[in-house]
Amino acid sequence: MTSEQKGASQCEPGPLDIHAAEAAEVRRFNHARTARSAEILEDYTELIADLLSAHGEARVTDIARRLGVTHPTATKAIARLKREGLVTSRPYRGVFLTDAGAAMAERVRARHRLVVDFLLAVGVPQEAAESDAEGMEHYVSEKTLSAFRRFLAARG
């Protein structure tokens, strides 16, 4: 084998490299699917916490209106939140967060604020930062959030 052939064969990925690359891709796609699945739960718990704080109650009608969904869509999502142990509801009284739901809402709110602060720090206009953070907050990893925190801390 010539030295040129040796160099070429060293650049080609071997079976283990391909499997490692495939495994990494699988992890990325799984992370995105998990984030998409959690996104609805997180948006609902955050909104319910906001409504409870502002009005003392979170009615399905208000939730649907604020999220721009139909009443049946909101009702279905709230049923899922109940199954997940994140909310309770009482007839004619609205929806209330469990301790787990309140903790999720707080985590989402903190993550949202951090993403907005980072986007503002790198020059994104306020309205765009708020809008973009609404989607990003569900997909950003803890490693990335830590990097955002370090960046913001370094800026003082």
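Is phenylalanine 151 buried, partly exposed or exposed? With a relative accessible area of 33%, phenylalanine 151 is partly exposed; buried means under 20% relative accessible area, exposed over 50%, and partly exposed in between, with a 1.4 Å probe and protein chains only.

This is a predicted model, where local features need pLDDT of at least 70 and side-chain atom pairs count only at pLDDT 80 or more, while totals for chains, interfaces and linings use all residues. Residues are numbered from 1 along each chain as its sequence is written, and side-chain values use heavy atoms, leaving out hydrogens and water.

The whole structure has 2 aromatic pairs (ring centres of Phe, Tyr or the six-membered ring of Trp within 6.5 Å; planes under 30 degrees apart are stacked, over 60 edge-to-face, the rest tilted). Phenylalanine 118 and phenylalanine 148 have ring centres 3.8 Å apart and planes at 5°, so they are stacked. Phenylalanine 118 is in helix α5 and phenylalanine 148 in helix α7, so this pair ties together parts 30 residues apart in sequence (helices are DSSP runs of H or I, at least four residues, and strands of E, at least two, numbered from the N terminus). Both of these residues are buried. Phenylalanine 118 also pairs edge-to-face with phenylalanine 151, at 5.3 Å centre to centre and 70° between the planes.

Now the cores (buried Ala, Val, Leu, Ile, Met, Phe, Trp, Tyr and Cys joined through side-chain atoms within 4.5 Å). The largest nonpolar core has 21 residues, and α2 gives the most to it, with 6 residues. A second, separate core of 10 residues includes Val116 and Val140.
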